[in-house]
Amino acid sequence: MADPGTPVNGPRPILAFGPPASGPIPLVDKPPFPRPPTRPSARRQGERLTPQFSTLREAMRAGRADASPSTTEPDPELVVVFDLVGTVDAFARAVRHVEGLEFLAEFQDEDAEPDEDFHYVKEGQATDRLVSESLYMVMSNAQAVTELISLFEGWQADPAASFEWGLNPLRNVFSQLRSIRRWGAQDRVRETGLIELWEEEVAVVGSYGSARVEIELWFRSDNTRRNDAQAHVAQLVQEAGGQVIRSAVVEAADYHGMLAELPYAQVDAVLANGPDAIALLTTEDIMFMSPAQPMMIPALEIADDQLVTAMPAPTSTVPQVALLDGLPLAHHAALAGRLVIDDPDELAARYTSNQQHHGTAMASLISHGDLNAPRRPLSTPIYVRPILEPHPFDGAAETVKRDELLVDLVHRAFHRMLEGDGDHPPAAPSVRIVNLSIGDPARIFARRMSPLAKLLDWLAHRYNLVILVSAGNHPITATIPSTALQDVDDLQSALANSTYKRARQRRLLSPAEAVNVVTVGALHADAASGSIPDTVLDGLEPGMPALYNAVGFGFRRSVKPEILLPGGRSLYQRPPPDNQDQLTLGAARTAARGPGLRVAAPGGPGVLDTTAYSYGTSNATALATRTASHVLDILEALAPEDGDSPFPDAQYYPVLAKTLLVHAASWGSLRERLSAMLGLDAASERRDLTQLLGYGAVDPARVATASRTRVLVLGAGTITGNQRHHYAFPLPPSLASTTERRRLTVTLGWLSPVNVRSQRHRMARLFVQPPQGEIGVARIDAHHNAVRQGTVQHEVLEGSAAVAFTANDSLAIDVDCRIDVGRPSTPVRYGLAVSLELAATVRADIHSEVRQGLRAQVRERVATQARLL
């Protein structure tokens, strides 16, 4: 029975779990770990590796010979790469016990083909299963190399013998060692795109002018060594005829970078003779050298007759949302009184009003949503930190500040906002949500996490923030059979398949791979009305994943992007008649007439009410930011009624906002539509769709809402390693032994501390095992392995099996915490959202039934406490 005064079919309140029962994760019988690949004998390792150790020793001798004879010259160093099959968790600790070794970094390498030494065995036979590899990098001097060789020789003589205290992990290193070598010039450009970009530029414009590069130095723990390394690299740049524009150290991300300009003679030398041809790529101080190619954002065309009128100011003066983007047009009718602009770099002086496009569009979407279907304006002002500037050669476009290192720029922006800058107090310490719709087109995610992604993960945990990042856009140009133009279904299928086949080239743009952030992709959707002229083609049904989306997976095959929201429809220009079998379609210009999301835009001088149409993952991210702010408003207004459990306190609002945003996502009909369109194999369908859909499209009607047939219960807490928090979700009696279709959704979100030097990166691994048989449901949507790799586990389960249970029965929702790497210094905050729902046509009032069960738990806790007095 519903509570007195509760509307029968209207909105119902969100409910709260009581405090969880806490204890250690129970010890249970676990399935045996998979057998590792076979390893060669110590003797065989000696045969294979002794020549490689000798090569290192000779390199050290050559370095000493090349060094100055001065007695004050430091012992030459080189970066040694340990290429291991699998991992050795204690590698970094063991290295600290060898004088002259300094652990630098750990990377996950591509899986390798098996060989006679390392391979998996099944039923007594070697298999062709790939072998995982890890690269461990250490800085070493000659003394350390000599010590390593001595230890290796001792291990060969007696593999079972113990080493000195702290060095025993090196025995595993030697047994798993596939190769040992120097970090070389090829390593410094691998997967950076530098060579490919230089080849393209030379082919288009020739060897003219200069080339900008971002140089990542090995992050040295000692400040003196960092300074020495930077001075040495600066000298090499100068000797090559170039100049250093900027340098920065960001300790939170283990980042030491330099922005430099090199003459094209250096480019020509590399393209002609390989990376070893220039001194910069052979120096031991450099880890990577990448192209410095700041994102450029073109201007929007103004819509002819789409104007907006002045809108009311926010009800609060305290910002809870921050926007790091271009400089918005603060006096635009849609934005007046809604922005707190903090411009310490005085970028406003570089802009004219008709150049302020991207920041204006993002602020408009965060404040109002799509102006063709405006929602209630944001309740708080937006804190804006400009990080874009007008492009120096294309005045209508904007670009990330060209003379800055983006990692340093973002770090300084967060620090000023939340802690202050010199004598300047914190500019917006109330901010809990940050929108960053800026990516790095030169860093397409492969396996290695970018420095900016590492920084955002650290910032999210350090400051308890929801950070929303756009997945990134790719060109929608596609080549399709010419016959596909004759039928709409054929056209849509051809375009979807063309995009899917190029998924490896359409990966996330840095920093979208960050694990603590929510990465947002776009739907081919907007509120623009009107017919589409025959001169253009709409290649998708509305609501499908946008063709310009960057796709996952994320770091360590995590779900990325997690959520999809409308980004605007993109159209193709209809090609002229052609007798070719294949046609190449290019994007149509739609900013002036639509479709797309309608946004505020700068007009001519003194014109402050113009709009434009836009599409992109930045738009979807702005809408996600707006939704997250709305969730914060809901959380702040929650108040328990008599008999209900109290809601989590304010420290958990950011992680609960993150959790509830994802909780409203699902695949819905996209699963069937995409699977049929792409002809996916049933065995790999969920994995393939997870790469394209993430957790799915966010349904605004399901964000932090409840009804008679949908109950939503929240929990939150702080948890430590090897600890379990137990929650009990009361089962509604009316569901017992029925075959009504039901959906159970369990979402667990957290902000993990990170170890930026480890390939595992994420320190805290939280997870929940969702109930299935207990309530007659089974997993649908995202692949069960991928959902545990990030910092949001989102499980959607459906079913209609009849299950018998008795009054007062409940579902066990257990939140477990394991530590993947390192030792977190503080407990980990998490948020939990569990919802159960039936079809709206069902007569049962499951909200009231679950609420009564939760209230019974409250009464039992009170009674238990009274008995203990």
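**Chatting through the strands, loops and overall build**

Q: Which residues of β7 are buried on one side, and which on the other?
A: In this predicted model, one face of β7 has Glu133, Leu135, Met137, Met139 and Asn141, and the other has Ser134, Tyr136, Val138 and Ser140; all of these are buried, which leaves both faces covered.

Q: OK, how many residues of β7 are buried?
A: Nine of the nine, over residues 133–141, so β7 is largely enclosed by the rest of the structure.

Q: Which strands pair with β7?
A: Strand β3, residues 77–85, pairs with β7 in the antiparallel sense over nine bridges. Strand β4, residues 101–108, is also antiparallel to β7, with seven bridges.

Q: Let's zoom out. How many helices and strands does the chain have?
A: There are 17 helices and 40 strands. The chain is as compact as a globular protein of its length, because its radius of gyration is 29 Å and the globule rule gives 29 Å for 869 residues.

Q: What does the C-alpha trace span?
A: About 90 × 75 × 65 Å along the principal axes.

Q: And how much of the chain is buried?
A: 57% of the 869 residues count as buried. As for contacts with a separation of 6 or more, 81% are between residues 24 or more positions apart.

Q: What about the surface and the charges?
A: The accessible surface is about 36300 Å², and carbon and sulfur atoms hold 50% of that. The chain carries 81 positive and 101 negative side chains, with the centres of the two sets 6 Å apart.

Q: Changing topic: what is the strand order in the open sheet with β13?
A: The order is β13-β18-β17, three strands with antiparallel pairing.

Q: Which of them stand at the edges?
A: β13 (296–297) and β17 (388–390) do; each has a single partner strand, so one side of each has no neighbour in the sheet.

Q: How many bridges join β13 to β18?
A: Two, with β18 covering residues 398–400. In one part of that strand, Glu398 is the bridge partner of Ile297.

Q: Which residues have a positive phi although they are not glycines?
A: Glu123, at about 55°, and Asn464, at about 60°, are among them.

Q: Are those two buried or exposed?
A: Glu123 is exposed, with a relative accessible area of 76%, whereas Asn464 is buried at 10%.

Q: And where are they in the chain?
A: Glu123 lies in the loop between β5 (121–122) and β6 (125–126), while Asn464 is in the loop between α11 (451–463) and β21 (466–470).

Technical notes
Residues numbered from 1 in each chain as written. Predicted model: local features only at pLDDT ≥ 70, side-chain atom pairs only at ≥ 80, totals over all residues. Heavy atoms only, no water. Helix = DSSP H or I, 4+ residues; strand = E, 2+ residues; numbered from the N terminus. Rg over C-alpha atoms; globule rule 2.2 N^0.38 Å. Buried < 20%, exposed > 50% of the residue type's maximum accessible area, 1.4 Å probe, protein only. Contact = heavy atoms within 4.5 Å. Areas by Shrake-Rupley, 256 points an atom, 1.4 Å probe, with all protein chains shown as cover. Lys, Arg positive; Asp, Glu negative; His and termini not counted. Charge placed at Lys NZ, Arg CZ, Asp CG, Glu CD. Pairing = 2+ DSSP bridges.
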